[in-house]
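Visitor: I'm new to reading protein structures. Could you walk me through this one, please?

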Amino acid sequence: MTERILFITGRLAEKQVRQVLEKMQPDFQYKVYVMGVTVAALITSDMIIRRLPDAQGADRVILPGRCRGDLDALARHFGVPFERGPEEIKDLPQHFGMAAQHYDLSQYQTKIFAEITDAPSISVEAVIERAYYYQANGADVIDIGCLPGTPFPHLADCIRTLKQEGFTVSIDSLEDADLLAGGKAGADYMLSLTAKSLWIADEVATTPILIPETHGDLSTLDKAIEILSAKNRAFIVDPILDPIHFGFTDSIVRNYEFRRRYPDVEMMMGVGNLTELTHADTSGVNAILLGICSELNINHILATEVSKHARRAIKEADSARRIMYTAKQHNTLPKHIAPDLLTVHDSSPFLNSREEIESLAAEIKDPSYRIQVSSDGIHVFNRDGLHTAQDPFDLYPKLHVETDGGHAFYLGVELARAEIAWQLGKRFTQDQQLSWGCAAQGTEPTVDLHTFKPAGSTLKKHDD
């Protein structure tokens with residue numbers, strides 16, 4: 001039986017809602033019900049209960065994305081499910097597409113080892129603080145890095161304290177003494193061992209991570225793999241990923257060749273040699289590397305956040321591994337699964353054309369300024385007219401807010417966001433911060449959609 005859906009909207013959005021639904025040619029029947037308000041975001045659940053006589057024969061009701069109100073209360077009153085649609089009308093097709101294909105991003109296959117590279121130089125307390133930060137950003141294992149020639153008297157204390165705090169820990173050094181001390185202190189993993197230092201694995205229960213004895217020579221791993229396999233010991237192999245122009249392509253081939261030769265051996269990739277040593281946004285680098293890990297079944301990565309441009313690398317790797325795992329499980333491309341890695345650009349930045357914005361502006365009857373962005377630039381409009389520019393300073397003389405400091409400040413902030421969105425090709429929504437995916441620390445407070453959004457700071461009264 002064909003599903004029947006009722007869309008509730010305001011007067012200004014009615015035309016656009018009907019146009020979008022008509023273009024969608026959906027496989028459901030629909031009606032559009034216009035509430036007696038101009039702006040859809042002003043619709044509340046109480047208003048709907050008062051003004052909507054019944055569910056109009058619908059199987060479910062879609063409210064505007066910014067509509068405030070208690071959905072459960074509406075469902076109880078009308079006897080059908082209520083849900084919020086997307087915040088932007090133009091996203092209705094994607095909304096129904098995502099509803100048909102909901103992706104569960106709670107699962108992943110690749111574990112993240114997050115290295116504290118300067119552990120010898122900081123206190124145990126600082127190590128624990130860093131470990132909680134990495135864990136909050138997705139790390140599964142806290143890797144304690146050792147620095148060549150740098151004393152590390154509190155190595156064992158770091159590992160024991162981390163274990164007491166419930167962390168999974170690895171010790172990371174090329175010095176036999178460090179690896180042995182870390183293993184005896186309770187480290188779960190130790191990296192990196194070669195065929196020559198394999199004896200350490202006999203001294204502790206720690207899982208060894210092997211690297212080639214001779215860099216780039218996979219054959220130097222064969223004997224160590226044979227020995228550990230005969231002892232039924234768990235182990236991981238890292239063929240080593242090299243930086244660009246210092247063997248990067250050969251190292252990708254090497255990882256592929258190792259997987260071909262050993263299809264069932266657990267592998268690790270040290271992604272920091274790309275994220276740290278390439279001045280490019282790390283979200284894209286992580287996406288590619290985690291995609292390679294997904295294809296080659298590399299179930300462990302070693303990640304770092306040393307360089308300032310790589311300050312979100314752990315969180316980005318966490319998002320990338322979940323997206324790649326989901327895409328692989330669904331046998332689909334890693335597109336339209338989650339927007340977390342679209343940090344600089346958006347897949348659909350400009351929702352409306354200039355002509356559509358002009359049509360909307362012609363319907364405005366109040367003095368409040370609306371701001372929208374199209375491929376042509378920034379558009380500001382109210383009942384007195386529409387102004388378009390690519391530089392916000394060109395708009396200021398036309399806004400007539402010279403004597404209204406609060407309003408001028410508000411418009412300045414919003415127009416600055418709009419300019420950035422237009423320049424980069426990002427989605428702009430008035431009164432909301434730009435979304436930077438997992439590359440930025442979010443500061444937008446969680447909004448309770450049962451209530452109205454509080455007044456902005458420029459509208460609040462101040463005692464001073």
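Visitor: At what angle do helix α12 and helix α13 pack?

Guide: Welcome! This is a predicted model, where local features need pLDDT of at least 70, side-chain atom pairs count only at pLDDT 80 or more, and totals for chains, interfaces and linings use all residues. Residues are numbered from 1 along each chain as its sequence is written, and side-chain values use heavy atoms, leaving out hydrogens and water. Helices (H or I, at least four residues) and strands (E, at least two) are DSSP runs, numbered from the N terminus. The axes of α12 (residues 282–296) and α13 (residues 313–329) lie 8 Å apart, and the packing angle is about 40°.

Visitor: Is α12 roughly parallel or oblique to α13?

Guide: Axes are lines fitted to C-alpha atoms, for helices over the stretch in contact, and angles run from 0 to 180 degrees between N-to-C directions. Under 35 degrees counts as roughly parallel, over 145 as roughly antiparallel, 65 to 115 as roughly perpendicular, and the rest as oblique. With an angle of about 40°, α12 is therefore oblique to α13.

Visitor: In what order do the four strands form their open sheet?

Guide: Strands pair if DSSP finds at least two bridges between them. β2 (29–34) and β4 (82–84) each have a single partner strand, so they stand at the edges. The pairing is parallel, and the order is β2-β1-β3-β4.

Visitor: Which residue in β3 is the bridge partner of Phe7?

Guide: Strand β1 (residues 4–9) pairs with strand β3 (residues 60–63) in the parallel sense, over three bridges. The partner of Phe7 in β3 is Ile62.
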